[in-house]
Amino acid sequence: MEGNERQFKTSLTVTGMTCATCARMVERALRKVEGVDFAAVNLATETAFVVSGREIPRETLEEAVRSAGYEVSHERPQDLETKRYARVRRNLILSWAVTAPLMGLMALHMMGRHVPGYPWAEVLGGALVLFWAGRDSVRGAWIALTHGHANMDVLVVAGSAAAWTTAVLSFLGLPVISFGAVGAMIMALHITGRYIESHLRDRASKEIRSLLAVQAREARVMEGDRELLVPIEAVQAGMTLLVRPGERIPADGVMIEGATSVDESMITGESLPVTKGLGDEVTGGSLNLTGAVSLRATRVGEDSFLARMVSLIQEAQGAKVPIQAFADRVTNSFVPAVAALAGIAGLLWYFGAERFTPLLDWAGRWLPWATDLRDPLSLAVFAFISTIVIACPCALGLATPMALITGTGAASRRGLIIRNAEAIQTAREVSVVVLDKTGTITEGRPAVTETDLSAGDLDAAASLESFSNHPLAKAIAEASLTRLPVEDVKEIVGEGIEGTVNGAAYFVGRPRESGLYDGHLELGRTVVEVRRNGERAGFIAVEDPLRDDAVEGVRRLADMGITCVMATGDNEKTARAVAKRVGITEVYAGVRPDGKLDLIRRLQARGGKVLMAGDGMNDAAALKGADVGAAVGSGTDLAIDSADVIIVKGGISRIADAVSISRKTFSVIRQNLFWAFAYNLVAIPLAMAALLHPVIAEGAMTLSSVSVILNSMRVK
């Protein structure tokens, strides 16, 4: 995963999973596919994320999922969620339409008022709830058992079926207390929990759907004088697109005609419209407000900014944090252990009822729900059903992924994309933040303030710099509208760019003697030297304004106990002038790319975790070497690909947000796991002691899952 080889990433929508064990079985099946380097399955989002060193046919991965007993859906996730939600709601209505009357009849029966036909109602009504309303759970249990493992559905169906079986046996005349209505109630409560869980899970994952919703469905393509309305899938890079006021921009592109104001709030979070004119870049999904404009499409489909952001969010939500490995190890053994404990409880009560019934007599003084059963077989069934039901591990399975969904969703609303889930756990421990200067502390939109170059040399420098993506290069390129033919272009990371213009060898970049430009450097300007055929031709002074949130961001990080360090390839005087304005005291200037990585290593050696924030090619190695790498979204693709966190909108204050969200998310994960474990540690012994009624057990199990989801929502 850390190498330089090309990686192929595939996301699948997996249906039929109900608990952590299901997700683990799918994950195991995918990992067995030849060529798969990494696979992670997220129960909360029902997605499987696969990374491979070579391109693996999608059909091969889908077959692996099916071999584990589950299906792959090709429907849009939001459509699939809508259908599932409607199906769960129908099952919920049916289950309670049958269960509620059964509960009423059971209450009358317990009070000694026997209603004619009640045994028939228990058997038939329980069967309808168990095998029709609860058919999804029965199917899930069957899939698990036929593939050699047990999941949450196995426990629920076993408890419900065992209770319903007592009604059948009692109806046939055997001396067994009937729990048929209880069996229906167990399944009805389980379906209720599924309904609530589906509703809350749908709310928690709405960030992805809100991003997908801003994508245009059609685009106006200009073919000569003709205007064609085509599906967005048909748009290709290089096409000329017409966008009218009130329409969404269909693809990433560059303005070639007209001027307008654009609402980018759904993507960047910035509420104020942004003015766009000739040559400005626009982002697909943003809203054109005021003028009809033409643009040339540059990135479409999966390469567009919006598609990349959606993919990164899905990747993060499908990944796992290290603490989840612990929960997975526990749940791996949990289901068979609970089944064994339930069996032991049943056997102990069957063979030792006389010895243990004094416990029930004592508990009856304090617990109103304590059973008054004394028949060994009925007590054995009672304890078995209670233990099976109480210990469903769905709360454990949801504890981490639900917190991750809400954490990454909260981050996306603040202009942050957390593409590596491990960063959620690591960022909370960050003690040092290393900041690049240009494009990170500053806006990355510098402008030329002074130059002593001749017009010809300025034209040559601007023509050469037009081949670079560095923010300083863009400022110099805009200083002249003349473009001369350039040959043999070579960008030297951390130094500058060189090439041949009109037969002369030009270099534009780091000065040989920075002392010549002290006056500019003390003002916080960056000086770029231009050399023609190895001789100094002149200089260009560039000034880059601070980001609006730079001072506030450094202050917030300091308040959180985090030290800010500046590491820049710029001149020391310029770097210190900028650092002083934002409140940074530890400055490393004139640092080349390998030097930034060395600095990261030295800071890590002090102890604690180091976060690196940058936006350029020269930051890529340091971003990868840091414990957490944060790339500014306007930076180069290499910087973005090397980072764990992408800042789509804003600057240093977003780093403080990332650390804050990390601390909150990890805190919630720990709380979820603690309460899930504590609930089982307390409830299982009570159930084995026949001190929990199966109905209360099922209600407590459902409540534990819902509480985990609600607690996870607090991350927002």
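W120, L124, F171 and L172 make a nonpolar surface patch of about 460 Å². Such patches consist of residues with over 30% relative accessible area and no salt bridge, nonpolar side chains being joined within 5 Å; a salt bridge is a side-chain nitrogen of Lys or Arg within 4 Å of a carboxyl oxygen of Asp or Glu. Areas come from the Shrake-Rupley method with a 1.4 Å probe, and for residues only the protein chains shown count as cover. The model is predicted: local features need pLDDT of at least 70, side-chain atom pairs count only at pLDDT 80 or more, and totals for chains, interfaces and linings use all residues. Residues are numbered from 1 along each chain as its sequence is written, and side-chain values use heavy atoms, without hydrogens and water.

- L124 lies in helix α4 (residues 118-133); helices are DSSP runs of H or I with at least four residues, strands are E runs of at least two, and both are numbered from the N terminus.
- L124 counts as exposed because its relative accessibility is 53% (exposed is over 50%, buried under 20%, partly exposed in between).
- T426, in helix α14 (residues 422-426), counts as buried because its relative accessibility is 13%.
- Beyond neighbours within four places in sequence, T426 contacts K609, D627 and V628 (heavy atoms within 4.5 Å).

**Strand β22**
- Four of the five residues of β22 (residues 563-567) are buried.
- β22 pairs in the parallel sense with β15 (residues 430-435) over four bridges (pairing takes at least two DSSP bridges); V433 stands opposite C564 in β22.
- β22 also pairs in the parallel sense with β23 (residues 586-588), over three bridges, and A567 stands opposite Y588 in β23.
- From β22 the chain passes through helix α20 (residues 572-582) to β23 in a right-handed β-α-β crossover: with the strands pointing away from the viewer, the path from the first strand over the helix to the second runs clockwise.

Methods
Patch = residues over 30% accessible without salt bridge, like charges linked within 9 Å, V, L, I, M, F, W, Y side chains within 5 Å. Buried < 20%, exposed > 50% of the residue type's maximum accessible area, 1.4 Å probe, protein only.
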